[in-house]
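Subject: Structure handover

Hello,

Here is the structure I promised to pass on.

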Amino acid sequence: MVGPVRELWARWWVIAPIVAAGLACDQPSVAARAVWINDEHVSGARTLHVYSDGVMSTRTLAPSDALRDAEGEALVLELAPRGEGALVMAGDPGALAARGVSTLRAGYVDLAGGRALPLALPLTGATPTLPEFAAASDALWWVDPCAGALSVVPLDRALTLAPLAEGGRAVQPWTATLGAAAGSGSCPTRWGLRSASMGAVVFAVAALEPFVLAASAAPTPRSLEPTRGGEVVALRYPGRGVDDEDAVELARGALLGDVTPARVGGCVGGCVGLVDPEGASISVVSALGEWCSLQRWSWLKEEGEDEAAPAARCVWEEEGEVIAAISPTHYVIRRDDEVLRLNWRSGEVVRLPLFGANSRWWSRVAAQGRAVVMISQSGPMLRLAADRVELVNIEQTTCSLGQAPVISPSGRWAAWTCSSTLGDGVETSGGAGLASVVRASVTGLERYDGVPMWALAIDDVGQLLLFSRGDAGLMSDLSGPSSSPRNLYVLQSDGELSRVDTLEPDPELTLGLGGGLRWIDAAPL
């Protein structure tokens, strides 16, 4: 739990010029970006550290006044999905809203282009508005819950700074009116957003926000649930490759009126639906016991349709956890000890078994949303795409208290660490000792035993970025290491381990937009 946020964090952050240093010529690198903030604060200023494909750099994050950061509250630090930049903002916007602050100040640090974009978000309604990244990593947006307006900040084009009533300036976002939707709380409007990973299309779904007894002390994704028969809006936003200078409404429609929708399991954000990579449709899962398990709404009219507004249709009536829409036609669905690829148009179902006794399976979306990777904690790895399914690896090992795996952009490399090696007779889950790094790919399974590590990102040639830690202990929710990172390493594809940074001063804990604490945020490029 982080402490209350003082007025300091409601003010602007000034991003100082970059200080960069490349690694030695013979040092290995990973095609990835990692960011962290160190634990030394000087008059409120903090230092942002960046690893970018073998280059280390720093930026100074400083408040615009002379207030000192005496309490050291955690900040939100979130990388864009493809690592082009990072969002920095107050760690507890709810505390600011409770104190009558009407605007949340935040900043986007463009790590690829060198810009720093000041942002101003409305703090209205029972739950503070939180920004979200587009799945295509080319925009930031948020919805004002009282105005029913979508604000979009394109991240790859020239932007205008506008003055604010309370002083200072912020990026002038593109706006689109969504309108009033059924909801709850002090403002009637609630919209959940989901977007395409390969197209500048975003879907807004009318949703309900569950009642909460008290505001959280950390930003958490709204647990929005789509409403029965709720309105759906498709918009093209001014993202990468789009000439429009504003958000353009493509169509409006509604979900099925006789099916109760539910949140998508295992996702972060609005979780109101699954969008295919091209942005042709959004699909909404249903509550248990409904006659339809998955309904699909598309702003593109199907052959033979003549409705004035596009209509939703049921595309799956059987049970199962729908993981992703990997094309406008294909879904990946998990059922008990198997995973399915469904072609909803033809009805074809391809089934693969999830083997391995007592093994936890993870699902990860790869290839810009066009594939799903299923990874067992013990090693087996499957990849499902619209054009083929692959058994990437079948070798197995023993792994206790394994971290969630990181995968390469293509989905053909994966890595994770094991905090204890119970199968080898060594127990290290609570203190110092040996631990393991596991890497799986089409070349097989590798395991490296040694000091405790934590995997951050892996690229498409198998180069792995990871950090060492003082012991193998985990946070109470098992989401990350309990102790501060020691050194930054690259595990090369040939198995050689090289230290690339001493991580001094120590990284401090930061918050993710999805909630939860972490030491370093990273993503493959």
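Below are the findings, grouped by topic. Please keep in mind that this is a predicted model.

Disulfides

The count comes to two disulfides. One is formed by Cys-292 and Cys-314, with sulfur atoms 2.3 Å apart. This link is right-handed, with 110° about the S-S bond. Cys-292 sits in the loop between strand E22 (281–285) and strand E23 (294–298), and Cys-314 sits in strand E24 (residues 313–316), so the pair ties together parts that are 22 residues apart in sequence. Cys-292 is buried, at a relative accessible area of 0%. Cys-314 is partly exposed, at 24%.

Cys-399 and Cys-418 also form a disulfide. Their sulfur atoms are 2.0 Å apart. The torsion about this S-S bond is about -115°, so the disulfide is left-handed. Cys-399 is in the loop between strand E32 (389–393) and strand E33 (400–402), and Cys-418 is in strand E35 (residues 413–420). The pair therefore ties together parts that are 19 residues apart in sequence. Cys-399 is buried, with a relative accessible area of 9%. Cys-418 counts as buried too, at 0%.

Nonpolar cores

The largest nonpolar core has 22 residues. Leu-87, Met-89, Leu-119 and Leu-140 have the most contacts inside it. Strands E7 (85–89), E8 (103–110), E9 (116–122) and E11 (139–144) each give two or more residues to this core. Apart from it lies another core, of 21 residues, including Trp-141 and Val-233. Back to Leu-87: beyond four places in sequence, the residues that Leu-87 touches include Val-76, Tyr-108, Phe-133 and Leu-513.

Strand pairing

Strand E17 (residues 201–208) pairs with strand E19 (residues 231–236). The sense is antiparallel, over five bridges. Val-201 has Arg-236 in E19 as its bridge partner. E19 is also joined to strand E20 (residues 248–254) by six bridges, again antiparallel. There, Glu-231 stands opposite Ala-254.

Two single residues

Which residues does Pro-173 contact, leaving aside its neighbours within four places in sequence? They are Trp-142, Ser-151, Val-152 and Val-153. Pro-173 lies in the loop between strand E14 (169–171) and strand E15 (174–177). Its C-alpha atom is 4.9 Å from that of Val-153, 20 residues apart along the chain. Pro-173 is buried, because its relative accessible area of 18% is under 20%.

Ser-52 belongs to strand E4 (residues 46–52). Ser-52 is buried, with a relative accessible area of 18%. Leaving aside neighbours within four places in sequence, Ser-52 is in contact with Ala-32 and Arg-33.

Best wishes

Technical notes
Residues numbered from 1 in each chain as written. Predicted model: local features only at pLDDT ≥ 70, side-chain atom pairs only at ≥ 80, totals over all residues. Heavy atoms only, no water. Pairing = 2+ DSSP bridges. Helix = DSSP H or I, 4+ residues; strand = E, 2+ residues; numbered from the N terminus. Core = buried A, V, L, I, M, F, W, Y, C linked by side-chain atoms within 4.5 Å. Buried < 20%, exposed > 50% of the residue type's maximum accessible area, 1.4 Å probe, protein only. Contact = heavy atoms within 4.5 Å. Disulfide = S-S within 2.5 Å.
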